[in-house]
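I wanted to look through one structure and jot down what I found, entry by entry.

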Amino acid sequence: MKTLDEFRRVYETPLLDLLFQAAEVHRRHHDPADIQRCALLSIKTGGCAEDCGYCAQSAHFQTGVPATPLMSLEEVRERAAQAKELGATRFCMGTAWREPKDGPQFDRILDMVRAVRALGMEACVTLGMLTDAQARRLAEAGLTAYNHNLDTSRRHYPNIVSTRTYDDRLRTLRAVQNAGIAVCCGGILGMGENEEDRLMLLVELAQLDPPPESIPINCLVPIRGTPLQDAAPVDSLELVRLVATTRIGFPKARVRLSAGRDRMSRELQVLCFFAGANSIFFGDKLLTAPNPSASDDAALFREIGLPAAPQPGSPCL
Ligand code: SAM
Ligand code: DTB
Ligand code: SF4
């Protein structure tokens, strides 16, 4: 599927047929019991120069999130080892940067990537815009994937961010792909866009060559102090339709049910997994915003009948 019409036709399929088709595609390409757990760590929080209207970490808004320096290598290694014990197979690190500067901080991030890989986990970072040379150095350090979201449709983007363009985002995605790093690229629902904007985002993702290895679908976590603080929650069935359409359009991708799960019922999350979502962020916190607790997620996995992550202190650790 490449065109808006094709995505729309799938999206508008009667819901039960859509779910059935998505589940079929999902099972043809993936083991339905394989729901990846990714751990997320903000290694440099707050004080960001960009003005993304959804973000707690932009210096343009009064959100009460203090700016912190880049974490030490040792702390990151420790957090990654803990996440591995809890069942994470991918460790994702984020910085509140418009772009990384070359120098000691970027070198430290390369060491963090090597440390995560040495623990036997996939390593993902999201650092903002990259040059070709930075992407190549991340690839040499063993980076598995780079997260860089297009967030919404090209036409809605300027309503959300003014300090960079859609084409800036696409340029970084190309640098990442040229360096041979897998792309993790998705969006956020609930930022005042309509259903067509959401499908237009999928069309943009389908134009990437190769298509993204993973597609995070975030539901906006409204942050007090940002322009989107009062945005209405995403309709549950619209979310399920979008997950199913994403699964059908990107059969091989990991579709990651990302931010906003703390406001979703268990039933909604199960429907999303049935519709083809096969990854979550787990741990009590996303970057700055809340996430369901690790023990709630372990209970959910048990209830679904999937192998739950080992808990600290459990005999199998
Ligand atoms: N600064 C880098 C960048 O913007 O590319 C990396 C960190 S940024 C916080 C990573 C992604 O988190 C954003 O692209 C956005 O899709 C998502 N995100 C940020 N704030 C969010 C929120 N309040 N709700 C949902 N998703 C959010
Ligand atoms: C993505 O798409 N979602 C994650 C990850 N990539 C870096 C981030 C979600 C951030 C939610 C808001 C916060 O924690 O501040
Ligand atoms: Fe900065 Fe990223 Fe937040 Fe935008 S989304 S303000 S670039 S941390």
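**Entry 1: α1 against α8**

I started with the residues that bring two helices together: Leu 4, Phe 7, Arg 8 and Tyr 11 of α1 are in contact with Glu 195, Glu 196, Leu 199, Met 200, Leu 202, Val 203 and Ala 206 of α8. Sorted by class, this contact holds eight nonpolar residues, three charged ones and no polar ones. A reminder to myself that this is a predicted model.

Next I looked up the geometry. Helix α1 covers residues 4–11, and its axis lies 9 Å from that of α8, at an angle of about 125 degrees. The two helices are therefore oblique to each other. I also noted the hand of the crossing, which is right-handed.

**Entry 2: α4 against α5**

How do the axes of α4 and α5 cross, and how close do they come? I found that α4 (residues 104–118) and α5 (residues 132–140) have axes that come within 9 Å and cross at roughly 30 degrees. Angles under 35 degrees count as roughly parallel, so I wrote this pair down as roughly parallel. Their crossing is right-handed.

From α4, the contact uses Phe 106, Asp 107, Ile 109, Leu 110 and Val 113, while α5 supplies Gln 134, Arg 137 and Leu 138. By class I have five nonpolar residues, two charged and one polar.

**Entry 3: the cores**

Leu 138 turned up again when I checked the largest nonpolar core. This core has 89 residues, and Phe 91, Leu 138 and Leu 239 touch the most other members. Leaving aside residues up to four places away in sequence, the residues that Leu 138 touches include Phe 106, Ile 109, Leu 110 and Val 113, which are also on the α4 side of the helix contact in my previous entry. Among its other contacts are Val 125, Leu 127, Leu 130, Leu 143, Tyr 146 and Ile 181.

**Entry 4: two backbone details**

Is the peptide bond from Asp 209 to Pro 210 cis or trans? I have it down as cis, with omega near 0 degrees. Pro 210 sits in the loop between α8 (195–207) and β7 (214–219).

Then I checked Asp 151, in the loop between β4 (145–147) and α6 (157–160). Its phi is near 70 degrees, a positive value in a residue other than glycine. Is Asp 151 buried or exposed? At 3% relative accessibility, Asp 151 counts as buried, since the cut-off for buried is under 20%.

Note on methods. Residues numbered from 1 in each chain as written. Chains lettered and ligands numbered in written order. Predicted model: local features only at pLDDT ≥ 70, side-chain atom pairs only at ≥ 80, totals over all residues. Heavy atoms only, no water. Core = buried A, V, L, I, M, F, W, Y, C linked by side-chain atoms within 4.5 Å. Buried < 20%, exposed > 50% of the residue type's maximum accessible area, 1.4 Å probe, protein only. Contact = heavy atoms within 4.5 Å. Axes fitted to C-alpha atoms, helices over the stretch in contact; angles between N-to-C directions. Helix = DSSP H or I, 4+ residues; strand = E, 2+ residues; numbered from the N terminus. Parallel < 35°, antiparallel > 145°, perpendicular 65-115°, else oblique. Left-handed = near helix turned anticlockwise from the far one by under 90°. Nonpolar A, V, L, I, M, F, W, Y, C, P; charged D, E, K, R; others polar.
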